[in-house]
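Have the viewer open as you read.

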Amino acid sequence: KSHPTSPAARGVATRPGHAPKRAGTRSDLFASQGQPAQPKRGTHKLPTHRRAPTTNTMALPPWLPVFLRVWIIGACAYMMACGVMSIMENGQFSKIDEVFLSLYILLFATLIVAYESTRFCSESSPAELIERVYKRNFGFMLKAQTRAMFLIFVGFMVLGLAEKPNTILVMGCGIVTISTGIIFICLTCKDPDLFTEKTKQATQEPYVPPNSEAHPGAPAKWEP
């Protein structure tokens, strides 16, 4: 006896030597009727125009470099005050090493203040002069990360002045300076473009090929 679900039971004749054809699926039914096939369950996708745009919620604010520049200038003024107080405490030069350390701190703090203060008016002539001098002698000051490392170095130098009666004041200055340098490095690693100085491109003369007659070094024409 034939099975009720076999092709013979449904009245479908099969050719000898050929397997019976499978019953049409739901998608084949829609295609035969000229309708688009429906997607499978669980595969629905939102249209592209309805997707919410992804925004970077952790972006740094644009005013942060200006705030950090003012903070660094204040920290350098704090370091200068600690250096001056250390020199005044050693009026008779009883500890010559602390005097030289204080002078170095004053010098390095002045270098940082001179660079950071001129960034507010970077197109002025004093700022361009300082930038040329720093490019020639203190190239590490032109990059944000190396400038932050130099700030940490000077902060450790300030800790060397921590002696009575100014121990707490000097220790606070060193900790503030070192913390500022570490935070500065972390911020520059997160968004380097925010702390990159945008240099002004100098206007260049148009290029004249050397084989042109207008070029002063052009070779003379060969004549037979």
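Arg147 sits in helix α5, where a helix is a DSSP run of H or I with at least four residues, a strand is a run of E with at least two, and numbering starts at the N terminus. This is a predicted model, in which local features need pLDDT of at least 70, side-chain atom pairs count only at pLDDT 80 or more, and totals for chains, interfaces and linings use all residues. Residues are numbered from 1 along each chain as its sequence is written, and side-chain values use heavy atoms, with hydrogens and water left out.

Is Arg147 buried or exposed? With a relative accessible area of 7%, Arg147 is buried; the cut-offs are under 20% for buried, over 50% for exposed and partly exposed in between, with a 1.4 Å probe and protein chains only. Setting aside neighbours within four places in sequence, Arg147 touches Tyr115, Glu116, Phe140, Met141, Leu142 and Phe184, a contact being heavy atoms within 4.5 Å.

The rule here asks for a side-chain nitrogen of Lys or Arg within 4 Å of a carboxyl oxygen of Asp or Glu. The pair links distant parts of the chain, with Glu116 in helix α3 and Arg147 in helix α5 (residues 144-159), 31 residues apart.

Glu116 has a salt bridge to Arg69 as well, at 3.3 Å from N to O. Glu116 belongs to helix α3 (residues 96-118) and Arg69 to helix α2, so this pair ties together parts 47 residues apart in sequence. Glu116 and Arg69 are both buried. Side chains of opposite charge can pair when their charged atoms come close.

By the same rule, the count comes to four salt bridges. One of them joins Glu131 and Lys135, at 3.9 Å from N to O. Both residues lie in helix α4 (residues 125-137), four residues apart, or about one turn of the helix. Glu131 counts as partly exposed at 21% relative accessibility, while Lys135 is exposed at 54%.

## The cavity

On a 1 Å grid over the protein atoms alone, a cavity is a set of points where a 1.4 Å probe fits but cannot get out, and lining residues have an atom within 4 Å of a point. There is one cavity of 30 Å³ or more, and the largest cavity holds about 70 Å³ of space.

Helix α2 (residues 64-89) gives the largest share of that lining, four residues. By type, the lining has five nonpolar residues, no polar ones and three charged ones.

## The whole chain

Zooming out, the protein chain has six helices and zero strands. Of its 224 residues, 25% are buried. Among contacts with a separation of 6 or more, 63% are between residues 24 or more positions apart. The accessible surface is about 17000 Å², and 62% of it belongs to carbon and sulfur atoms; areas come from the Shrake-Rupley method with a 1.4 Å probe.

Terms used: 1 Å grid on protein atoms, 1.4 Å probe; cavity = no way out; pocket = protein on both sides within 12 Å on 5 of 7 lines; lining within 4 Å. Points joined across faces, edges and corners; volume = space filled by probe spheres on them. Nonpolar A, V, L, I, M, F, W, Y, C, P; charged D, E, K, R; others polar.
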